[in-house]
Amino acid sequence: MEDFLSRGRAAVKANTGQAGPGFHVVMGNEACDLDSMVCALAYAYFLSKTGSGETIALPLLNIRQSDLLLRSDNIFLLRQTDLSPELLLFRDQLDLLALQRAGRLQLTLVDHNVLPSSDSDLEGAVVEVIDHHLLEREPSPSCPVTVETVGSCATLVTEQIIQKAPQILDQQLAQLLYGKVTPKDSQYLAALETRFPALPPRGALFQALQNAKFDVSGLNTEQMLLKDMKAVSGSLNLAVSVLYITLEEFLQRAELEAELSGFCQKFGFDLLLLMTISFTESKEPIRELAVFSHSSTCRDQVSQYLEQTHSPALNLCPISSPHPRISAYQQGNTLASRKKLLPIVKDFLREWDGDVCLGDGEEEESRVPPTPMNSLVEGCPLDDGLPHISAQDLEEKFSKMADRGGN
């Protein structure tokens, strides 16, 4: 894998002009969560081993290089598989539009099936899609689409590798995939475990990745706010950030009000909603909520609206805040994640704007798209995984094809 990634970076550096070889870029979604990163790396590697060689396969992380720091679970898995982040290629290091205009780009989408409007000019380069989300793409004979409702996109990539080229699997690639194939897709986990018995125990790796995902040590206030943020706008611009520490700990940060003020000024927000999530010793979630704004009118009206909402009720209980511009609450309804809060915020903005400016509310992309936290939202409807193939069947495929080539 290291040689593959090094060759890809070298090829990009050596072919920055209009002329040169074509690139087949495998790109995950804008959140660049663990699933997207693993799928981009593994599927690009698969293409490099099984393709015709006419194009250079490249995995592309769909964030800026500087934002990888906010993806602590991604960094953890890279370290576990002995892959240096310096080998990776990021969105701000490759001009996809220039490659597209030069006729040198093929694009495979993993872990999403439609491009955002900001990338609409790249649509003509899309040649394949592999995803596990709701299908939004219009069917096209020129673009094969694999969309199945399984627990992770990595399951579908693992399936393709096992069925078409199991000989390319080694311990490193298997551990990358193993880190993201979910227990809902246990037949693929079992197949990888049978093939590579040195893989770490399932539960231990999953827990280590969860711990890494929620680790905010070393992040400054701005980075913590950006790590998992959604922005919503109307005549007011609001950001909703999920923080993975207790509210008490966050409120004790030095110069917090000044840092929040600077954040709002830098990114153009009128108000911040801070949703904290922590866990008891028995793994029960604890949710708290804070509202920050320089405008007391804005802060008070948002706070009152959230206190009184019934769709769903947040069951907010005011708690003491050491900062005059921050209203703080315990949230009794621990099932109300940001997914539930955002529609409430949009309803507030519609009323604030007099049902004129917003319509259904405009949810903007944040500067750093948030890391999906699937374990904290209302379950995935994909609990049954892929029932059509057993672990024994998969191992038989390994046995039949293992002698077709090396790594």
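All five residues of strand E6 (residues 229–233), five of five, are buried, so the strand is largely enclosed by the rest of the structure. The model described here is predicted. In a regular strand the side chains alternate between the two faces of the sheet. Both faces of E6 are covered: on one side Met229, Ala231 and Ser233 are buried, and on the other Lys230 and Val232 are buried.

The pairing partner of E6 described here is strand E7 (residues 237–243), which runs antiparallel to E6 and is joined to E6 by five bridges. Ala231 faces Ala239 of E7 across this pairing.

## The protein as a whole

The protein contains 14 helices and twelve strands. It has 407 residues, and 53% of them are buried. Among contacts in the protein with a separation of 6 or more, 69% are between residues 24 or more positions apart.

Strands of a sheet pair through backbone hydrogen bonds, either parallel or antiparallel.

Strand E1 (residues 22–27) runs parallel to E3 and is joined to E3 by five bridges. In this pairing His24 stands opposite Gln106 of E3. Strand E3 (residues 105–110) is in turn linked to E4 by four bridges, again in the parallel sense. Here Val110 is opposite Ile130 of E4. E4 also pairs in parallel with strand E5 (residues 145–147), over three bridges. Ile130 takes part on this side as well, with Thr146 as its bridge partner in E5. Strand E4 (residues 126–131) is mostly covered, with five of its six residues buried.

Two packed helices are described by the angle between their axes and the distance between the axes. For H5 (residues 153–164) and H7 (residues 186–195), the axes come within 10 Å and cross at roughly 50 degrees. That angle makes H5 oblique to H7. The crossing of H5 with H7 is left-handed.

On the H5 side, the residues in this contact are Thr155, Thr158, Glu159 and Ile162; on the H7 side, they are Tyr188, Ala191 and Leu192. Sorted by class, the contact has four nonpolar residues, two polar residues and one charged residue.

## Ala154 in H5

Ala154 is located in helix H5. Its relative accessibility is 0%, so Ala154 counts as buried. Which residues does Ala154 touch, not counting those up to four places away in sequence? They are Asp35, Val38, Cys39, Leu177, Lys180 and Val181. For Lys180, the separation from Ala154 is 26 residues in sequence, while the C-alpha to C-alpha distance is 6.2 Å.

## Backbone features in two loops

Asp111 lies in the loop between E3 and E4. Its phi is near 65 degrees, a positive value in a residue other than glycine. Is Asp111 buried or exposed? With a relative accessible area of 2%, Asp111 is buried, because the cut-off for buried is under 20%.

The loop between helix H12 (296–308) and strand E10 (316–319) contains Pro312. The peptide bond from Ser311 to Pro312 is cis, and its omega is near -5 degrees. Asn315 is in the loop between H12 and E10. Phi of Asn315 is near 55 degrees, again positive in a residue other than glycine.

Key: Residues are numbered from 1 along each chain as its sequence is written. This is a predicted model: local features need pLDDT of at least 70, side-chain atom pairs count only at pLDDT 80 or more; totals for chains, interfaces and linings use all residues. Side-chain values use heavy atoms; hydrogens and water are left out. Axes are lines fitted to C-alpha atoms, for helices over the stretch in contact, and angles run from 0 to 180 degrees between N-to-C directions. Angles under 35 degrees count as roughly parallel, over 145 as roughly antiparallel, 65 to 115 as roughly perpendicular and the rest as oblique. A crossing is left-handed if the near helix is turned anticlockwise from the far one by less than a right angle, and right-handed if clockwise. Contact means heavy atoms within 4.5 Å. Ala, Val, Leu, Ile, Met, Phe, Trp, Tyr, Cys and Pro count as nonpolar, Asp, Glu, Lys and Arg as charged, and the others, Gly among them, as polar. Buried means under 20% relative accessible area, exposed over 50%, partly exposed in between (1.4 Å probe, protein chains only). Two strands pair if DSSP finds at least two bridges between them.
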